[in-house]
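Subject: Structure handover

Hello,

Here is the structure I promised to pass on. Please open it first, then read my notes below.

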Amino acid sequence: MLFNTFLFFAFLAVVVAVYHQLRSVRLQNSWLLLCSYVFYGAWDWRFLGLILLSTVIDYFISHGIHRAEAPTQRKRLVTLSIVTNLTLLGVFKYYGFFVTELNDLLSLIGLAPNIPLLNIVLPVGISFYTFQTLSYTIDIYRRQNEPCENFFDFALYVSFFPQLVAGPIERSTNLLPQIVGQRTSGAGDFREGLYYIASGLFKKVVIADNMAVLVNHVFATPVSELSAVEIIVGTYAFAFQIYGDFAGYSLIAKGVARWLGFDLMWNFNHPYFSLTPSEFWNRWHISLSSWLRDYLYIPLGGNRGGTVMTYRNLMATMVIGGLWHGAGWPFVLWGLYQGLLLVVFRVGEGVDALARQCRRFVDAGPVFRWLAVFGFFQFVCYGWMLFRAESFDQIVQMTSVLFSSRYEVTDFAIFALQQILLLTLPLLLFEAWIERRQDRLALLKVSAPKLAAFYGYVVINLLLWVPPAKQVFIYFQF
């Protein structure tokens, strides 16, 4: 049930209409839990048992951790939760990848491997709700939160349909109090939710799905037939496709939740205006980057063990972050690349003379700052090429072309660049205005005619830029 379909909005209309007729939180939560299971079952009803199993395990383990007094027993229980959740995730998401690689390795050294491959369908959203329940039990182990008393409230926390299949990965400290507490809603919530949903649909349908046409052409064409300019514009197109796709989903989820009286966290904050890798990860997929920081990087030691250990922890965190996205070497390489960027920029910041010169350049004026932003965007885009590539061989071939003399400006490259500028430049200008105002809801505070002009622009573009084919949200595969 895709967010950008009439079927979903018909489903949502029923959910919201019934929800606001119910006068108690208990009835509202029961209705939302039922609707969330219907929503998830619409993808594949066979995996309802899996999400229920994960819910039951963590509900009872969390209460066991809370009741346990002995540190050893608490550690055993939280370890059981981590191992169980990661085993379920590993079987469904990574078994095929690791078995294939192991079989290839054994064949390479002359052995005859006989490890069976299983035809396992990846349950949609499993990475998101697994990390969400893991953070819940770990927070209880750390005594940063208490377990949810009512099983059905906890089940709603795990399966809340707006953010179930592609995030944001909500912490229990934010979402659970909203589930168990009294909720109020009014005209302001509807207005705010409509703004999020309209913005999200624009990013998904107008930006992402139209960029996908360019991206699919470039990455499906043999590299020998591509010029370096075509690879660059194809990668630019993917940068805006994945941003429009994922940020669009997060905004629609936030808007739908707002109509139900919930306030989900912000998952994106204009990431392409970043100057450094650390700033980028503070702006991109914030719920995942903060999860990796709090539950992986800091427990590994963070920056407490000296320079070398800090670099090791950064690299390990980003490689695991890459693997979280998918079981494949391009994702591993993307994670390695992101880790290297963090390390290299950290080294650069530690070289006083270089850091001072860079800071002077950035502070020289807005033109120089935007040049620096555009320069760092190139590093981000090379990472997106690694992320989107179909194979390791395609990465090697495309990188080779980028460092060759094949810089012919083809008709396709000109057309693609025109499309990118036409669709994304208004969005970037609007986000720059929001960035300058430092108020994500600044548009809701302008005059009624200006706000009407915004919605008119969104509707006209949704009608004019109907993509050739509906595209499934990219992060559904993760």
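Asp 294 forms a salt bridge with Arg 171, with the closest N and O atoms 3.0 Å apart. This pair links distant parts of the chain: Asp 294 sits in helix α12 (residues 286-300), Arg 171 in the loop between α7 and α8, and 123 residues separate them. Both Asp 294 and Arg 171 are buried. Arg 293 joins them, and Arg 171, Arg 293 and Asp 294 are linked in a network of salt bridges. Bear in mind that this is a predicted model.

A search of the whole structure gives 14 salt bridges. Two others are worth a look.

- Arg 26 and Asp 153: their side chains meet at 2.9 Å, N to O.
- Arg 258 and Asp 189: their side chains form a salt bridge at 3.0 Å, N to O.

Arg 26 counts as partly exposed, at 42% relative accessibility. Asp 153 is buried, with a relative accessible area of 4%.

Next, helix α8 (residues 172-180). Its buried residues are Ser 172, Leu 175, Leu 176, Gln 178 and Ile 179. Seen down the axis of α8, they fall within an arc of 160°, so they line one face of the helix. What do they pack against? The partners are α2 (25-44), α6 (126-141) and α7 (151-159).

Then Asn 85, in helix α4 (residues 71-93). Is Asn 85 buried or exposed? Asn 85 is buried, with a relative accessible area of 2%. Its side chain makes a polar contact with the side chain of Asp 58 at 3.1 Å. Another polar contact, at 3.5 Å, goes to the side chain of Thr 133. Leaving out residues up to four places away in sequence, Asn 85 touches Ser 54, Asp 58, Thr 130, Thr 133 and Leu 134.

Last, the surface. Leu 102, Leu 105, Leu 108, Ile 109 and Leu 111 make a nonpolar patch of about 520 Å². Leu 105 lies in helix α5 (residues 95-108). Leu 105 is partly exposed, with a relative accessible area of 47%.

Best wishes

Key. Residues numbered from 1 in each chain as written. Predicted model: local features only at pLDDT ≥ 70, side-chain atom pairs only at ≥ 80, totals over all residues. Heavy atoms only, no water. Buried < 20%, exposed > 50% of the residue type's maximum accessible area, 1.4 Å probe, protein only. Helix = DSSP H or I, 4+ residues; strand = E, 2+ residues; numbered from the N terminus. Arc of directions from axis to C-beta. Contact = heavy atoms within 4.5 Å. Patch = residues over 30% accessible without salt bridge, like charges linked within 9 Å, V, L, I, M, F, W, Y side chains within 5 Å. Areas by Shrake-Rupley, 256 points an atom, 1.4 Å probe, with all protein chains shown as cover. Salt bridge = Lys/Arg side-chain N within 4 Å of Asp/Glu carboxyl O. Polar contact = N/O pair within 3.5 Å; in protein donor to acceptor, adjacent residues only side chain to side chain.
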